[in-house]
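Hi everyone, thanks for coming. Let me show you a structure that may be new to you, and then we can walk through a few of its parts together.

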Amino acid sequence: MRCPVCQHTNSRVLESRSAESGKSIRRRRECLNCQHRFTTYERIEFVTVTVIKKDGKKESFDKLKLLRGIVRSCEKTGIEPTELEAFVDEIEVELQGRTQREVTSAEIGEIVLSKLVHISEVAYIRFASVYRKFKGIRDFVDTLNHLQNQKNNLDFNSTSLESSEISPDTIDCETPATLATSS
């Protein structure tokens with residue numbers, strides 16, 4: 001690290017601490033040549049994710065643009081802004097973790113919908129109406145029916161799991177003692 005005063009390349013670290021909510025490390029350094037103290041920050045360098053739009057144009061992934069769209073769909077639902085920021089951070093981490101550096105806007109939309117359905121059904125419908133470009137009431141009805149079917153399937157699966165638990169009252173079997181007395 002170069003000293004901002006004398007441009008000497010050797011310095012020693014005096015103090016290190018986490019900064020920006022754990023997203024970087026702040027280091028206080030001292031130049032070994034002129035003893036000038038300065039601060040540096042160390043951050044993870046994210047590789048740019050490129051979004052391929054529906055019209056074929058490409059642009060860099062914009063976390064704030066995604067957040068604005070999600071915030072709009074979550075208006076008046078009672079979801080905290082910090083929860084929405086964490087939601088978008090989670091999506092960004094998922095995109096950064098992929099081996100491919102290009103992702104379609106359709107893939108991002110489906111990721112948002114798959115996560116949003118668990119947070120708020122109203123926000124899910126709002127986001128879907130813009131993302132999927134609903135043309136009329138039929139699109140809303142189809143999406144609501146799909147959402148209801150998903151919910152019914154989840155309710156059915158959890159109910160069938162509860163009813164499949166084995167209890168002594170539901171078992172009708174003969175023990176060796178009952179076999180001996182009935183013969």
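Let's start at tyrosine 41, which touches Ala19, Ser24, Ile25 and Arg26, leaving out residues up to four places away in sequence; contact here means heavy atoms within 4.5 Å. Tyrosine 41 sits in strand 3, residues 37–43. Its C-alpha atom is separated by 5.5 Å from that of isoleucine 25, 16 residues apart along the chain. With a relative accessible area of 43%, tyrosine 41 is partly exposed; buried means under 20%, exposed over 50%, and partly exposed is in between, using a 1.4 Å probe and protein chains only.

A quick word on the basis: this is a predicted model, where local features need pLDDT of at least 70, side-chain atom pairs count only at pLDDT 80 or more, and totals for chains, interfaces and linings use all residues. Residues are numbered from 1 along each chain as its sequence is written, and side-chain values use heavy atoms, with hydrogens and water left out.

Helices and strands are DSSP runs numbered from the N terminus: H or I with at least four residues for helices, E with at least two for strands. Now, at what angle do helix 1 and helix 2 pack? Helix 1, residues 63–73, and helix 2, residues 81–96, meet at about 135°, and their axes are 10 Å apart. That makes helix 1 oblique to helix 2; angles under 35 degrees are roughly parallel, over 145 roughly antiparallel, 65 to 115 roughly perpendicular, and the rest oblique. On the helix 1 side, the contact includes Leu66 and Ile70, and on the helix 2 side Phe87 and Ile91 are among the residues involved.

Some of those names come back in the largest nonpolar core, which has 27 residues, with Leu66, Ile70, Ile91, Leu95, Ile108 and Val112 making the most contacts inside it. Such a core is a set of buried Ala, Val, Leu, Ile, Met, Phe, Trp, Tyr and Cys residues joined through side-chain atoms within 4.5 Å. Which helix gives the most to this core? Helix 4 does, with six residues. As for isoleucine 108, its contacts beyond four places in sequence are Val51, Phe61, Leu66, Leu95 and Val103.

One last stop: lysine 76, in the loop between helix 1 and helix 2. Lysine 76 has a positive phi of about 60° although it is not a glycine, and at 87% relative accessible area it is exposed.

Notes
Axes are lines fitted to C-alpha atoms, for helices over the stretch in contact, and angles run from 0 to 180 degrees between N-to-C directions.
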